[in-house]
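Welcome! Please take a first look at the sequence and the structure below, and then we will walk through some of the features together.

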Amino acid sequence: MTSARSNRINWLGRLSPWVPTLVLVAVWQLASSRGWMSNRILPSPLGVAKAFWTLTLSGDIWANVKVSSLRALAGFIIGGSLGLGFGLLTGSFKTMETLFDTTLQMVRNIPPLALIPLVILWFGIDESAKVFLVSVGVFFPLYLNTFHGIRSVDRGLLEMARSYGLSGWPLYRDVILPGALPSILVGVRFSLGLMWVILIVAETISAQSGIGYMTMNAREFLQTDVMLVGILLYALLGKLADLLANGLSRYWLRWHPSYQGN
Amino acid sequence: MKQQGMIIQHSGRERDVVWAAVRRASLVEQGRQPGIAVQLRGVGKAYGEQTILRGIDLTIPPGELVAIVGRSGSGKSTLLRLLAGLDKVSGGTVAYDGASGAVSDNGIREDVRVMFQDSRLLPWKKVLANVALGLPRSRHHEARGVLEQVGLADRADDWPAHLSGGQRQRVALARALVHKPRLLLLDEPLGALDALTRIEMHALIERIWRANRFTALLVTHDPAEAIALADRVLLVEDGAIAMDLRVDLPRPRALGSAAFAALQDRLLRRLLQSDTAPGAEPVQDPGDISLQRSISEVRWAI
């Protein structure tokens with residue numbers, strides 16, 4: 001009896017984050033089928049699902065998703081590792097901070113998307129342009145959060161570790177890095193969000209393939225349903241990236257009280 | 001609800017485990033490490049303009065357990081930090097075993113270990129890894145044995161966040177002991193614990209100290225704790241040692257005995273005075289000052 005009830009509550013708890021989405025889709029479908037909204041402006045959810053199915057059958061969608069994901073991943077790896085590296089350097093060494101931080105803070109205030117004209121001039125419209133833009137975009141959240149994470153490691157723990165004979169790499173590995181990790185992971189989540197935003201814009205402006213290209217191409221032929229499939233794909237991929245980051249946090253921060261107890 | 005129940009059950013079990021550990025600790029045959037002799041000559045410490053300690057002369061023979069009491073801000077913790085090498089002296093000399101050298105580059109000695117007020121366990125390492133912190137890999141196996149000494153062998157694979165305050169301090173104690181320190185510095189390690197856990201920790205610390213014979217320095221704000229544990233109680237006041245009280249009670253000490261109560265009363269009175277006597281003149285004979293002070297105060301009151 002009690003377990004059945006708690007099971008049901010558990011179920012509801014799992015489902016509740018999806019309730020607003022489901023309600024939204026239901027209202028949308030209702031509006032379309034009642035004719036309140038022209039299908040040319042916004043096709044019905046069923047129409048979008050149909051378009052998704054056709055694109056899946058033809059294989060177009062997977063080719064484009066693959067291209068976009070690879071771009072995102074490449075940009076994330078390049079920009080992210082640079083951001084992490086610079087953050088570790090400036091966070092750990094005072095001289096590195098004085099050397100780099102001013103410049104980086106200045107560059108940080110340039111929106112990566114403002115670089116698009118220049119990037120097209122430099123790289124043309126091939127892969128490197130998009131990867132470059134994503135790299136620039138994800139660099140700063142990771143840089144800033146890594147720097148902040150290292151600087152905010154508990155002084156008491158550092159003092160304790162030093163007095164227990166730790167220094168150099170062991171001190172870094174056992175105390176500084178794990179202490180900075182929660183902040184670094186916040187940076188990773190910010191970066192992942194930004195990664196998709198920048199990629200979308202870059203692909204929409206200039207691309208021969210990818211989800212952005214697919215949506216822009218659909219606009220030429222007034223295929224609003226395909227455009228919507230593209231937009232929803234971004235939402236799904238963004239959510240997937242977030243889930244991944246969340247999973248990593250859960251694993252790496254399993255010692256952290258706020259990640260325990262379930 | 002559920003969690004509350006767990007805590008209650010927990011502290012009951014904890015007590016049993018501590019007593020078991022206390023009994024065991026005295027039986028465990030340790031590699032005998034004699035304590036270190038500490039000698040301070042005219043030691044002072046100032047942060048910028050502010051003088052925290054001045055002209056401290058102090059000799060601690062090997063194996064002695066010394067308690068330092070004083071009001072907050074009196075400089076008692078600073079004195080401990082100087083001995084630990086966490087801070088550098090501004091003047092005077094600190095000598096260990098008669099030699100003032102023999103410290104590593106960062107001023108930390110390998111045979112001196114500190115137990116802090118907060119346990120300062122690394123939250124991302126399990127209990128056993130915390131105890132083994134700073135040990136060379138070849139000695140990692142010793143961590144489990146010491147954890148057993150403090151009665152927490154069964155919690156070796158837990159995260160520190162899952163331990164109670166008393167358990168955390170016992171892990172911190174194990175972490176210090178595994179290095180076989182010749183001087184153990186305890187910076188109000190029991191300040192945040194409840195009364196019962198404190199009494200159990202007193203017994204644990206006393207037994208481990210007696211089994212290992214290291215020199216120990218305990219900073220505390222609690223006169224009863226000082227007298228329960230120490231061979232000698234130092235009162236630090238306005239950056240100087242104002243009283244040096246020898247405690248010659250037999251161990252283990254009965255907290256309720258008349259001699260205990262008399263010493264505690266004397267210490268407490270002297271501590272309370274240190275507030276009412278601002279800018280007190282240098283003390284010539286620390287042993288009897290409490291009596292003189294109280295007489296002069298009574299006369300003033302009349």
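In helix α11 (residues 224-252) of chain A, the 29 residues should span 42 Å at 1.5 Å a residue, and the end C-alpha atoms do lie 42 Å apart, so the two agree. The expected span is 1.5 Å times one less than the number of residues; helices (H or I, at least four residues) and strands (E, at least two) are DSSP runs, numbered from the N terminus.

This is a predicted model, in which local features need pLDDT of at least 70, side-chain atom pairs count only at pLDDT 80 or more, and totals for chains, interfaces and linings use all residues. Residues are numbered from 1 along each chain as its sequence is written, while chains are lettered from A and ligands numbered from 1 in the order in which they are written.

Among the buried residues of α11(A) are D225(A), V226(A) and A241(A). A residue is buried if 20 or more other C-beta atoms, placed from the backbone, lie within 10 Å of its own. Here are some of the elements that cover the buried residues of α11(A):

| Covering helix | Residues |
|---|---|
| α3(A) | 45-58 |
| α9(A) | 168-205 |
| α10(A) | 211-220 |

Now for chain B. An open sheet of six strands runs in the order β5-β6-β7-β3-β8-β9 with mixed pairing; strands pair if DSSP finds at least two bridges between them. At its edges are β5 (112-115) and β9 (240-246) of chain B, each pairing on one side only. Strands β3 (residues 65-69) and β7 (residues 215-219) of chain B run parallel, joined by four bridges. Within this pair, L65(B) stands opposite A216(B).

Definitions and conventions:
Buried ≥ 20, exposed ≤ 12 C-beta atoms within 10 Å, placed from the backbone. Contact = placed C-beta atoms within 7 Å.
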